[in-house]
Amino acid sequence: MSISVLTANTRRAVEVHRYPVLVYALVPLVALVLQAWLPRVLGNHVWFDLPLVVTVYFALGRRSPIEGTLMGGALGIFEDALTQHAIGINGIAKTVVGFLAASVGVRIDVENHTIRLLLTFLLSLLSSAIFVFIYRILLGLALDWSWIGELLRALGNSIIALLLFPLLDRLKVKD
Amino acid sequence: METFFVRYRNLVVLLALLVAQIIGLAMQVHRTESGRMSFDRRDGGGVRLIRLWANALVSPPERLIHSTGQGVGSLWQNYLDLRHVRQQNQDLEKTVDRLRLEQAALLEDARQGQRLQGLVSFQEKYIYKTLPAQVIGASGSMQSRVFYLDKGADEGLRRDMAVITPDGIVGKVREVFPHSAQVLLINDQTSGAGVILETTRTRGILRGNATGQPQIVGIMADNRIKPGEKVLTAGGDEVFPRGLPVGVVEKVVPDPERDSFIQAIVKPAAHLDQLDEVLVITSTEARFPPDQQQDMATSETLKGAEAETENTQKKASEIMAERLPGLMDPNLPADQQPLNDSTPPTPVAHTPQPLHPDRFTPGAVPGAEADPQAGAAGQSKPAAPATSAKPRTDAPPRRNP
């Protein structure tokens, strides 16, 4: 893969994606609702994190670290609020993910599907690592977890990103 | 200074948000008496407000999806149900009849139990009132095993109410909102329920592990717990009434943290992954609920005499068995004991065997002589007499040593 593909050196690669306001409001809401509802259908096999995928998508597209940080933080806090855990664990993890995705989005070509897939996979792993770090180290709480589970979730997020990102791209406001 | 904030505004926003959340987290955990960190059992005002917002945002669409799916599904389901409703009705009538008989037989024991409880100043709580509720959503996280109900404070739900299904216990109400409630499942790592093993009467605390299986912790290693043993609620946690089914012991493993302790992995009686409708125990009383009292009265009237007769017969046979131990076969179950065999004993006929059987011998086939092969066979082994009864093949009762 050549450097020219990876770096954002063309006009198309550095453009900031814009969406209708309704998309900003509805897509995160649908992600939250589906994340909360799908376990009823799928049982314990929730190998994905839709709010994280949405955070990564908007952060990469908007290329604004502040927007990415705020969206990640808000979605993470709402995710925490639906559990019985303390509010802020997912919030911190997704705040960092949103910031990093947007920071990376400024420098590389995010139109490339392979890069998007790889980024989603890596950021999912990072989110899991931050979650476990906060839970076990920062708060000193007992939590059993497995690497395989986190890898599967990262893989699930990547597959969803592969399908969802092109669909969301269609909602972009064209110049 | 202004230039610094403008230049590093991205980092400043990130740090401000992280610090705010870390401070918020620190305010939500506390150290327990045992020195371990734990979440606060009750949320603070701010945290509760955020949970309320999240719930208000997510619950209405979930309710919509749930009711739409249910409406479409019920059309097909109703058709399928109607196809077999007549047969099901007959089966149910038989079951009700059998249960009435059982209930009438158990009624006297229950009354005696209540009298004894009165003597020792202990009042057992019975499930007095339940409220059916639909499951509309979950937390969406595998580390958090909670789900949401479509009923809330306005329908009479309160914190720490037990949630059950007819199969067994499910969890307890953790948080209540105006029109929905959050239920903590028994297989969550932060849950806890007092349980007792039916046979060994070993008590322990039930909580979930990382894989979402409930396990009983705090059992001494010298307890002889075997897989298959039933687990019931102990009634001491002030959430679940005593005696509700929890599940069965699947396997026993050593406690990784404490050498002299074991953990019993439990297979839950309720299908925790496929919950659609649950019952919330909204009230427990020290007496039977009115509908149950009415049902018992009906059972007593309809089946009381029958059950009493059956009980008397059973007791009489048990007394006989005790007095005549030789009539008890330890290898047979109680209902197949020779003593309980009500069929009249068949006399064993001893037919005198003729020295030279011919065609006039009772039981001989008239045309047997025409067939030389058959005749040979008939001569070598005479046919059994038609009138003679077949000897009893079951083993004679053995005498106990």
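Is the crossing of α7(A) and α8(A) left-handed or right-handed? Hold that thought, everyone, and I'll come back to it.

First, some housekeeping. This is a predicted model, where local features need pLDDT of at least 70, side-chain atom pairs count only at pLDDT 80 or more, and totals for chains, interfaces and linings use all residues. Residues are numbered from 1 along each chain as its sequence is written, while chains are lettered from A and ligands numbered from 1 in the order in which they are written.

Let's start with chain A. Its secondary structure comes to eight helices and zero strands; helices here are DSSP runs of H or I with at least four residues, strands are runs of E with at least two, and both are numbered from the N terminus. Of its 175 residues, 45% count as buried. A residue is buried if 20 or more other C-beta atoms lie within 10 Å of its own, exposed if 12 or fewer, and partly exposed in between, with C-beta atoms placed from the backbone.

Now to the opening question: α7(A) and α8(A) make a right-handed crossing. α7 covers residues 113-138 and α8 covers residues 147-169 of chain A; their axes come within 8 Å and cross at roughly 145 degrees. Axes are lines fitted to C-alpha atoms, for helices over the stretch in contact, and angles run from 0 to 180 degrees between N-to-C directions. Among the residues that meet are L117(A) and F121(A) from α7(A), and A154(A) and F165(A) from α8(A). By class, this contact has seven nonpolar, six polar and three charged residues. Ala, Val, Leu, Ile, Met, Phe, Trp, Tyr, Cys and Pro count as nonpolar, Asp, Glu, Lys and Arg as charged, and the others, Gly among them, as polar.

On to the next pair. The axes of α6(A) and α7(A) come within 9 Å and cross at roughly 150 degrees. That makes the two helices roughly antiparallel, a label for angles over 145 degrees, with under 35 being roughly parallel, 65 to 115 roughly perpendicular and the rest oblique. This crossing is right-handed. The contact includes V97(A) and L100(A) of α6(A), along with L123(A) and I130(A) of α7(A). Its residues divide into 15 nonpolar, two polar and one charged.

What about α4(A)? 13 of its 13 residues are buried, so this helix is largely enclosed by the rest of the structure. After α4(A) comes R63(A), with a positive phi near 60 degrees.

How do the two chains meet? In all, 37 residues of chain A are in contact with 43 residues of chain B, where contact means C-beta atoms, placed from the backbone, within 7 Å. On chain A's side, the elements giving two or more residues are α3 (21-42), α5 (65-81) and α6 (89-107). That side of chain A has 22 nonpolar, twelve polar and three charged residues.

Finally, two stops in chain B. L131(B) sits in strand β3 (residues 126-138) and is partly exposed, with 17 other C-beta atoms within 10 Å. Not counting residues up to four places away in sequence, its contacts include K151(B), G156(B) and L279(B). D160(B) lies in the loop between β4 (146-149) and β5 (162-164). The C-alpha atoms of D160(B) and K172(B) are 5.5 Å apart, though twelve residues separate them along the chain.

Notes. A crossing is left-handed if the near helix is turned anticlockwise from the far one by less than a right angle, and right-handed if clockwise.
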